[in-house]
Amino acid sequence: ARGPGTQALLADAATKHWTDVSADGLTSCGLFGTPDDVSRKIEEFEAAGARNIILSFGFGGMPELMVRRSMKQFAAEVAPAFTSDTPIARASSR
């Protein structure tokens, strides 16, 4: 299901201020979960109008091994579904 915060966060970005975004709204825009969860969330960002995504794999003192594992898993299981042919390709096309 589509997270309630994604559309709201991306809608009318020119007039939105970060203090208007709730913690729940911001969390709903995070890319967390299985590779399929992350792929679906990227598709949700595309549907909401996003054309670029900035990724950060390490948070608040996470062990380097865990960060590297997440990066490798993203590169192997999520990124190949998204090509340079379009700003964000649909994961369902893999």
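Mentor: Gladly! Let us begin with a pair: the side chains of Arg68 and Glu64 meet in a salt bridge, 2.7 Å from N to O. A salt bridge here is a side-chain nitrogen of Lys or Arg within 4 Å of a carboxyl oxygen of Asp or Glu. Please keep in mind that this is a predicted model, where local features need pLDDT of at least 70, side-chain atom pairs count only at pLDDT 80 or more, and totals for chains, interfaces and linings use all residues. Residues are numbered from 1 along each chain as its sequence is written, and side-chain values use heavy atoms, with hydrogens and water left out.

Trainee: How many residues apart are Arg68 and Glu64 in helix H4?

Mentor: Both belong to helix H4, which covers residues 64-77. Helices (H or I, at least four residues) and strands (E, at least two) are DSSP runs, numbered from the N terminus. Arg68 and Glu64 are separated by about one helical turn, because their spacing in the helix is four residues.

Trainee: Is Glu64 buried or exposed?

Mentor: We use relative accessible area: buried means under 20%, exposed over 50%, and partly exposed in between (1.4 Å probe, protein chains only). Glu64 has 52%, so the word for Glu64 is exposed.

Trainee: Which residue forms a salt bridge with Asp37?

Mentor: Look in helix H3, at a residue three positions from Asp37 and about one helical turn away. The closest N and O atoms are 2.7 Å apart, and the partner is Arg40.

Trainee: Are Glu44 and Lys41 buried or exposed?

Mentor: These two side chains also meet in a salt bridge, at 3.4 Å from N to O. Glu44 and Lys41 are three residues apart in helix H3, about one helical turn. As for their accessibility, both are buried.

Trainee: How far does helix H3 reach from its first C-alpha to its last?

Mentor: Helix H3 spans residues 35-47, which is 13 residues. The expected span is 1.5 Å times one less than the number of residues. For H3 that expectation is 18 Å, and the helix comes close to it, reaching 18 Å.

Trainee: What pattern does the protein chain follow along the sequence?

Mentor: The chain has four helices and zero strands. Read along the sequence, the pattern is α-α-α-α.
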